Amino acid sequence: GALLVSERIDREELCGALSPCSLSFEIVVENPLELYSGTVEIQDINDNDPVFPSSQARLEISESVAAGARFPLESAQDPDVGINSLQTYQLSANPHFALDVQTRVDGSKYAELVLEKELDREEQRELHLVLTALDGGSPPRSAHVQIHIDVVDANDNAPVFNQSTYKASVRENTPSGTLVARISAYDLDDGPNGDIAYSFSSHTPSKVRELFALDSATGELRVKGQLDYEETKLYEIYLQAKDKGAVPGIAHCKVLVEVVDVNDNTPEVTVTSVYSPVPEDAAPGTVVALLSVTDLDSHDNGLILVQVSDVNDNVPKSSQDSYDVYVLENNMPGIPVLNVSATDPDLGRNAHLSYTLLQGDTTVGHLFSINRDNGTLYLLTSLDHEDQVEFNMMVQVQDGGSPPLATNVSVSVFVTDLNDNAPTVLYPLPNTTATYTDVVAPGTPAGHMVTKVVAVDADAGYNAWISYTLLQATDPSLFSVGLHSGEIFTARQLREDDAPQHTLVILLKDHGEPVLSATATVSISVAEMVKEVFTDLSDVAPANDPRRHVTFYLILAVILVSAAFFITMLSVGIFKCYKWRQSKELFNSSRNTLYRTPGPFHHIDAVRGGFTPPNFYHQVYLTTDSRQSDLLCKKPFTSSPLGSRQSTMRNGEPGLYHQIVGTASRLPTPAE
């Protein structure tokens with residue numbers, strides 16, 4: 001059972017850059033029959049030096065390049081992996097450049113020169129640097145490259161890419177010539193200095209150049225070789241744009257190409273062991289053969305699938321059981337106001353949902369409609385907050401199964417108010433031929449309410465809050481108006497030299513946005529008697545005013561109501577006097593038979609409380625000094641308050657005692 005090495009093992013030849021590197025095998029043990037799987041991991045040793053593509057590199061850098069500019073350098077390659085692979089770069093000491101080591105997505109390293117101090121061609125025309133690549137072995141292996149930098153007069157503007165990183169995806173086994181990505185750069189220079197040529201950056205691996213081709217004129221990156229997802233899943237391609245000036249400007253970008261797996265590998269069935277012939281008396285369950293199935297594709301492409309058919313066993317489920325939607329009135333017809341969202345975990349037709357607006361209210365059907373496919377609720381007409389504030393409806397979500405399953409979602413649409421109604425004046429009536437004049441007597445003091453402007457606003461909330469201001473007046477100093485009440489007061493005392501007739505124009509404004517307003521005109525006469533006013537009004541009032549009878553009936557109604565109120569109050573007073581006389585006679589007839597305290601005193605009757613039984617009677621005697629009063633309580637008796645079986649107690653119920661003393665701060669006089 002010993003596993004031996006039959007020949008020299010070269011990890012780089014077997015696995016290349018793949019890590020870890022492993023070899024798999026299977027071992028069959030018979031009697032009893034058993035199958036074992038084994039894996040041998042080939043560990044790397046540092047037996048390879050880093051290698052640069054060439055021993056020398058030449059760069060042309062303009063003296064006008066600003067500090068911070070970066071220049072990619074050719075990367076060294078080391079076939080070892082892990083810590084034995086290429087780990088870092090070092091640059092010889094110099095006053096102008098520093099070295100920045102970057103790491104690719106696959107973990108490999110590359111170096112860039114970073115200009116720290118600007119170059120001066122007149123001071124130094126060329127520079128010589130040494131770049132050293134080191135791996136992580138112990139001891140480390142290294143490689144060197146000579147970098148020759150020519151300092152030349154610069155091209156004023158270097159090309160600029162419209163983005164620093166491009167991303168693309170391409171399916172494996174894509175035919176050659178397929179477009180992967182198109183890079184684009186611009187150069188503000190004119191002529192050859194503005195012409196751009198695209199190329200691979202110097203540190204782009206040779207494997208990438210074999211698989212992809214770049215059009216130097218258009219910047220189109222196309223497939224050149226055969227891509228294989230099982231070999232490499234992501235390519236990081238570094239490109240550059242270079243103008244054609246005497247000292248060309250260079251810009252760099254990166255293209256990330258993701259290889260998408262396709263099902264291009266058939267499952268492989270391996271027969272490990274076959275037992276033949278099989279005895280005719282072999283028992284059920286006897287092993288006949290050992291089979292193994294493998295597929296090099298990834299994810300779903302590598303499974304042996306068993307299809308499970310769907311059954312419509314899930315009711316559509318909405319993200320919300322109910323929706324509250326707020327819509328401004330005066331909306332545009334046809335606007336969407338809500339999207340009812342629902343899901344169904346079933347598949348295919350069983351998961352296809354349709355939305356229906358249930359016609360519980362015929363008004364809703366005329367105002368709203370719903371998209372059957374996506375559940376968008378539309379408003380078909382313009383709404384008015386003053387007409388109706390709320391609409392309630394039910395949306396049914398149904399799947400396409402057989403039989404179909406459905407769920408209902410309630411939707412409430414609230415119409416929010418806009419300030420689209422100006423205040424309406426109720427008094428005085430606007431736009432009428434009759435003139436309503438309010439009367440105030442001469443000498444009326446300041447602060448007297450003369451009349452009131454009454455108005456309403458059909459809007460709601462803040463939009464319906466009305467303020468009143470005095471816009472015009474015959475004498476602005478004589479009258480004022482309440483800001484929120486509309487009441488008109490005298491601002492000062494009326495004098496004899498004041499005008500007999502006054503016309504006030506009141507401005508009514510709501511508090512909406514925008515503000516809407518109206519005006520009311522109020523006529524006020526200064527007169528001693530109403531007769532004088534009626535005499536003046538007879539000259540201006542129309543002869544055939546149909547509403548003059550209405551005023552008469554209103555005055556008559558007020559008189560009748562006042563008379564009824566007076567008669568009612570008189571009856572109540574007579575009834576109260578009658579009850580008082582009855583209680584006084586009862587008191588006079590019973591006080592001679594009751595116990596009294598010695599000395600002069602005044603007494604009052606304690607009223608029966610609702611908490612005592614009807615046959616329980618108390619009488620309280622208080623002297624003029626309540627602090628020395630005695631409380632005498634009669635014990636309960638059966639029939640008459642003047643019964644013979646009576647007894648006297650010096651102390652009654654504590655609660656009742658405190659209640660009576662607390663209210664006896666003032667005693668009635670003998671006359672009372």
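A charge counts as sitting over a ring if NZ of Lys or CZ of Arg is within 6 Å of the ring centre and within 35 degrees of the ring normal. Keep in mind that this is a predicted model.

Q: What makes Lys233 a charge over the face of Tyr229?
A: Lys233 is 5.2 Å from the ring centre of Tyr229 and lies over its face. The limit is 6 Å from the centre, so the distance passes.

Q: How many aromatic pairs are there?
A: The count comes to 8 aromatic pairs.

Q: Why is the pair of Phe368 and Phe391 called edge-to-face?
A: The ring centres are 5.7 Å apart, and the planes meet at 65°. Centres have to lie within 6.5 Å, and planes over 60 degrees apart count as edge-to-face, so both the pairing and the label follow.

Q: What does that pair tie together?
A: Phe368 belongs to strand β26 (residues 368-370) and Phe391 to strand β28 (residues 390-399), so the contact links parts that are 23 residues apart in sequence.

Q: Why do Phe368 and Phe391 get the label they do for accessibility?
A: Phe368 has 2% relative accessibility, and Phe391 has 5%. Buried means under 20%, so Phe368 is buried, and so is Phe391.

Q: Why is the pair of Tyr462 and Trp465 tilted?
A: For Tyr462 and Trp465, it's 5.5 Å centre to centre and 55° between the planes. Stacked needs under 30 degrees and edge-to-face needs over 60, so 55° leaves tilted.

Q: How do you know whether Tyr462 and Trp465 are exposed or partly exposed?
A: Tyr462 has a relative accessible area of 51%, and exposed means over 50%, so Tyr462 is exposed. Trp465, at 37%, falls between 20% and 50%, so Trp465 is partly exposed.

Q: Where does Ala460 lie, and how far is it from Thr416 in space?
A: Ala460 lies in the loop between β33 (454-456) and β34 (467-473). From Ala460 to Thr416 it's 9.1 Å, C-alpha to C-alpha, with the two 44 residues apart in sequence. Ala460 has 32% relative accessibility, so it's partly exposed.

Q: Which residues make up the nonpolar patch on the surface?
A: Leu3, Val5, Ile9, Leu14, Leu23 and Val40 do, with about 530 Å² of accessible area together. Val40 sits in strand β2 (residues 34-42). At 30% relative accessibility, Val40 counts as partly exposed.

Q: What makes strand β8 mostly covered?
A: In β8 (residues 126-135), 7 of its 10 residues are buried.

Q: How do you know that β8 pairs with β5 and β9?
A: Pairing takes at least two bridges. Strand β5 (residues 86-91) runs antiparallel to β8 with 5 bridges, and strand β9 (residues 142-152) runs antiparallel to β8 with 9. Both counts meet the cut-off, so β8 pairs with β5 and with β9. Leu131 in β8 is the bridge partner of Leu91, while Leu127 has Ile149 in β9. β8 and β9 form a hairpin with 6 residues between them.

Definitions and conventions
Residues numbered from 1 in each chain as written. Predicted model: local features only at pLDDT ≥ 70, side-chain atom pairs only at ≥ 80, totals over all residues. Heavy atoms only, no water. Patch = residues over 30% accessible without salt bridge, like charges linked within 9 Å, V, L, I, M, F, W, Y side chains within 5 Å. Areas by Shrake-Rupley, 256 points an atom, 1.4 Å probe, with all protein chains shown as cover. Salt bridge = Lys/Arg side-chain N within 4 Å of Asp/Glu carboxyl O. Helix = DSSP H or I, 4+ residues; strand = E, 2+ residues; numbered from the N terminus. Buried < 20%, exposed > 50% of the residue type's maximum accessible area, 1.4 Å probe, protein only. Phe/Tyr/Trp six-rings, centres within 6.5 Å; stacked < 30°, edge-to-face > 60°.
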